[in-house]
Amino acid sequence: MMAQDCRELARDVELPWKDLQGKAVVVTGATGLIGKTLVGTLLAREDEFAAGTTVCVLVRDAQKAHALFGEFDALRVVTWDAARPFDGLEGVERANFIFHCANMTSSAAFVERPVDVIGTTIGGAHAMLELARKTGASL
């Protein structure tokens, strides 16, 4: 069902698709609910209309991302963990748009390790702000 929903969104003429034509899009949290829907839609759009949009997903588990999205010429998978300090991102040479969808989602972690949750949330946001600053991307 999700693939069909993504294809329908990709065909939606009301969305500003021309803004993404020929652009590089970076998505964090691509294996989560919002991220996978966004990436699935971007890939469906590229598959159907060949607009030259590239999608770079930053994920903790590259195998999971490949299993989820399959193989697309427009897709690049880069391993990244929002909990680690930002020291640049190898594999991300270009970014016009960044969608930061990564966050911890475990309710148990919220209660049992709130400092880790806050640190990861702030660290991930900081990393994406740094990437936007270095690449000139919109976040």
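**Close-up 1. Helices α1 and α2 make a right-handed crossing.** Right-handed here means that the near helix is turned clockwise from the far one by less than a right angle, anticlockwise being left-handed. Welcome to a predicted model, in which local features need pLDDT of at least 70 and side-chain atom pairs pLDDT 80 or more, while totals for chains, interfaces and linings use all residues. Residues are numbered from 1 along each chain as its sequence is written, and side-chain values use heavy atoms, without hydrogens and water. Helix α1 covers residues 2-10 and helix α2 residues 33-49; their axes come within 8 Å and cross at roughly 60 degrees. That makes α1 oblique to α2 (under 35 degrees is roughly parallel, over 145 roughly antiparallel, 65 to 115 roughly perpendicular, and the rest oblique). Axes are lines fitted to C-alpha atoms, for helices over the stretch in contact, with angles from 0 to 180 degrees between N-to-C directions.

**Close-up 2. Strands β2 and β3 run parallel.** Look for β2 at residues 54-59 and β3 at residues 75-79, joined by 5 bridges. V55 stands opposite L75 in β3. Together with helix α3 (residues 62-69), β2 and β3 make a right-handed β-α-β unit.

**Close-up 3. The structure holds 0 disulfides.** A disulfide is a pair of cysteine sulfur atoms within 2.5 Å. The sulfur of C6 lies 13 Å from the closest cysteine sulfur, in C101, which is too far for a bond. C6 is buried, with a relative accessible area of 3%, whereas C101 is partly exposed at 28% (buried is under 20%, exposed over 50%, partly exposed in between, with a 1.4 Å probe and protein chains only).

Note on methods
Two strands pair if DSSP finds at least two bridges between them. Helices (H or I, at least four residues) and strands (E, at least two) are DSSP runs, numbered from the N terminus. A crossover is right-handed if, with the strands pointing away from the viewer, the path from the first strand over the helix to the second runs clockwise.
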